[in-house]
Amino acid sequence: MLRASFKSSISITAVQSRVNNQLRYARPHAVPGIRFNSSLTQEQRSANNKLKKALQKDWSASILTYEAVKQKSQQPSEDAYLIDVREPDEVLQGMIPSAVNLPLSGLPEALHMDGEMFKEKHGFRKPAYDQEIVFYCRSGMRSSTASDVARRNGYTNIFNYKGSWLDWTAREGR
């Protein structure tokens, strides 16, 4: 078997065989993504693997209970945001008092906006990277995703109200 490798990470393989005592070569085929002769040193590969593992490491925001969120909703602060990541049509059902709406579908884009554009579009100040942020949604799934998106964008003081809107309405008797 003959092999060659290129910097574009495509391997060409040709297979040699004998049929009726004749030497034949199979048509070479490309195998994408395989590099046989990597130009990286062992140290570079090790550093890349560590970085890859760190980025793929499971992470979850601290989870808040109904009681903690209730207290935050009754005592709002400029230093902390309670963010509802449901879509605007879902918010028509109601919101936790003192919460602001920032739909998950627009969260990554919003976190990359400058402060003035953010305030103009969403109606409140863009959170600081170390500001306390509590995310909630309908059932807790999107708020977990929002927490992860915020973390990956440099926000460090993130909390998730896992029970979210369903828990809130059940406990508030709505």
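S62 has its bridge partner F159 in strand β10. That pairing belongs to a predicted model. Strand β6, residues 62-64, runs parallel to β10, and three bridges join them.

**Around strand β10**
- On another side of the story, β9 and β10 also run parallel, joined by three bridges.
- Here F135 has N160 of β10 as its bridge partner.
- To get from β9 to β10, the chain passes through α6, and this β-α-β crossover is right-handed.
- Strand β10 covers residues 158-161, and both of its faces are covered.
- I158 and N160 are buried on one side, while F159 and Y161 are buried on the other.
- In a regular strand, side chains alternate between the two faces of the sheet.

**Nonpolar cores**
- The largest nonpolar core holds 21 residues.
- I83, V85, L102, L107 and F135 have the most contacts inside this core.
- Another core lies apart from it, with twelve residues, including Y66, I96, A99 and V134.
- In soluble globular proteins, nonpolar side chains tend to be buried together.

**A look at L102**
- Which residues does L102 contact, leaving aside neighbours within four places in sequence?
- They are I83, D84, V85, L107, A110, F118, H122 and F124.

**The whole protein**
- The protein has seven helices and ten strands.
- Of its 174 residues, 32% are buried.
- Among contacts with a separation of 6 or more, 54% link residues 24 or more positions apart.
- The accessible surface is about 11500 Å², and carbon and sulfur atoms account for 51% of this surface.

Key
Residues numbered from 1 in each chain as written. Predicted model: local features only at pLDDT ≥ 70, side-chain atom pairs only at ≥ 80, totals over all residues. Heavy atoms only, no water. Helix = DSSP H or I, 4+ residues; strand = E, 2+ residues; numbered from the N terminus. Buried < 20%, exposed > 50% of the residue type's maximum accessible area, 1.4 Å probe, protein only. Contact = heavy atoms within 4.5 Å. Areas by Shrake-Rupley, 256 points an atom, 1.4 Å probe, with all protein chains shown as cover. Core = buried A, V, L, I, M, F, W, Y, C linked by side-chain atoms within 4.5 Å. Pairing = 2+ DSSP bridges. Right-handed = clockwise from strand over helix to strand, strands pointing away.
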